[in-house]
Amino acid sequence: MKVGLLFPQSELFPAIRRDLMLGLSIAQKKEPLTQWEIVPEFIGAGAVAQVESAINKCKYQHDCDVVIAWVNSKVMLSLQPVIAQLQMPVIVLNVGEHLSSPDWRQPYLFFHTAELWRSQLVLAEWMQTTFGGDCCINTSLFDSGYGLIEAYKLGLGRAGGTQLHLNVLKNPPGDFQTASLFDSLATLQTGHVHALLSGGESVDFLLHYDAKTQQQRPPLSVSPFMLEEPIPPTCSLQEAYTASTWQLNKTGDEESLVFWLQQQPELPNVFQLLSFEAGLVLAETCKTFSNSPGMQNALAAAAVQGPRGTISLAQLPHEKSSSVILEKIRIDAGNILRESIDEIVFDSSADTNLFSSAKQAVTGWHNPYLFL
């Protein structure tokens with residue numbers, strides 16, 4: 001079997017190709033009777049034309065049987081006619097930066113994402129229920145170009161929130177200062193604050209939050225990827241809240257996690273984890289199918305055990321329920337200390353507001369979130 005692997009470029013996560021290859025290779029080792037050849041294809045910033053060219057190359061030049069692609073889901077939505085013509089299964093991996101759309105209906109197209117939109121929605125609902133009042137989202141032009149603000153807004157509304165303040169940085173390239181966000185916060189009476197930032201702007205915000213808001217210091221929630229940044233030892237933060245779907249908890253399959261740690265001494269990051277899980281599903285499918293004809297049906301039916309529990313590849317990702325782990329964190333001299341406070345299962349299958357918001361979100365960046 002040949003597996004095409006599409007990967008983007010990233011200044012924030014330059015090891016993405018290695019991470020994806022590692023996850024797939026460990027999944028293959030776990031099923032030693034499974035044999036596949038990985039064919040990497042670089043897709044730059046992941047624009048529609050780049051992705052379409054790479055998929056065609058995998059099909060016609062490399063004769064791949066399946067493609068695994070770290071791409072923006074909106075891009076794949078626009079390429080559904082291409083995938084239908086090729087009749088080659090494509091497994092989309094990403095952090096889940098856009099709301100899940102009911103328009104993703106293509107038998108050869110599969111999604112396995114970290115559902116960042118889902119964790120943002122659940123986090124917002126919990127923050128609004130717990131602290132009440134108005135919320136202020138602090139973000140940047142880059143981070144605001146995805147569906148995460150809309151997801152947070154939907155969560156606020158589910159908990160009875162009625163007003164949202166949006167605080168957007170407009171820094172030129174290379175400027176990471178967040179002083180203007182704190183200037184705006186000082187003029188607001190907010191029940192709680194959310195930060196959706198990345199890169200240097202994320203670090204700068206965390207560095208200064210306690211000092212800049214010491215007069216009122218509203219409760220703070222942060223995107224989980226803000227905690228993936230290298231935190232300098234000069235950074236301390238008394239308290240904040242975050243949420244994600246990819247924390248390895250007690251609901252997972254211990255055997256698969258032990259196998260990972262036998263091959264790799266550290267827990268997988270989200271890129272390694274998603275490719276490992278997708279690889280486990282692919283390995284299970286390969287026991288029956290070794291090439292494209294009929295494989296899409298086997299991929300749709302496959303369910304295996306992974307570090308987070310049962311894994312299946314979604315074709316209609318909005319019609320599912322997923323666990324979101326809520327955490328309280330503090331930062332002490334650059335060290336992140338975590339405390340799990342709740343695990344919430346969010347069933348999105350009947351959320352009509354989610355469907356309408358996803359269908360209305362026709363614009364947005366095409367590059368995968370965190371990849372430039």
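Modeller: Happy to! Keep in mind that this is a predicted model. Let me begin with the residues around the largest cavity: P224, L227, E228, T242, A243, S244, W246, Q247, E327 and R338 line this space. Sorted by class, that lining has 4 nonpolar, 3 polar and 3 charged residues. Strand β10, which covers residues 237-244, gives the most to the lining, with 3 residues. The volume of the largest cavity is about 50 Å³, and the count of cavities of 30 Å³ or more comes to 1.

By class, the lining of the second largest pocket divides into 9 nonpolar, 6 polar and 4 charged residues.

Now to the charged pairs. Side chains of opposite charge can pair when their charged atoms come close. The structure holds 8 salt bridges, and I will walk you through some of them.

In one of them, the side chains of K30 and E255 meet at 3.0 Å, N to O. This pair links distant parts of the chain, with K30 in helix α1 (residues 16-30) and E255 in helix α9 (residues 254-263), 225 residues apart. K30 counts as buried because its relative accessible area is 19%, which is under the 20% cut-off. E255 is partly exposed, at 45%.

Another salt bridge joins the side chains of E41 and K57, at 3.4 Å from N to O. Here E41 sits in strand β2 (residues 37-42) and K57 in helix α2 (residues 48-60), so the pair links distant parts of the chain, 16 residues apart. E41 is buried, with a relative accessible area of 10%, whereas K57 is partly exposed, with 31%.

Finally, R308 forms a salt bridge with E277, and their closest N and O atoms are 2.7 Å apart. R308 lies in the loop between β11 (304-306) and β12 (309-311), while E277 belongs to helix α10 (residues 270-286), so this pair ties together parts that are 31 residues apart in sequence. E277 is buried, with a relative accessible area of 1%.

How values were computed: Residues are numbered from 1 along each chain as its sequence is written. This is a predicted model: local features need pLDDT of at least 70, side-chain atom pairs count only at pLDDT 80 or more; totals for chains, interfaces and linings use all residues. Side-chain values use heavy atoms; hydrogens and water are left out. On a 1 Å grid over the protein atoms alone, a cavity is a set of points where a 1.4 Å probe fits but cannot get out, and a pocket is an open set with protein on both sides within 12 Å along at least five of seven lines; lining residues have an atom within 4 Å of a point. Grid points are joined across faces, edges and corners, and a volume is the space filled by probe spheres set on the points. Helices (H or I, at least four residues) and strands (E, at least two) are DSSP runs, numbered from the N terminus. Ala, Val, Leu, Ile, Met, Phe, Trp, Tyr, Cys and Pro count as nonpolar, Asp, Glu, Lys and Arg as charged, and the others, Gly among them, as polar. A salt bridge is a side-chain nitrogen of Lys or Arg within 4 Å of a carboxyl oxygen of Asp or Glu. Buried means under 20% relative accessible area, exposed over 50%, partly exposed in between (1.4 Å probe, protein chains only).
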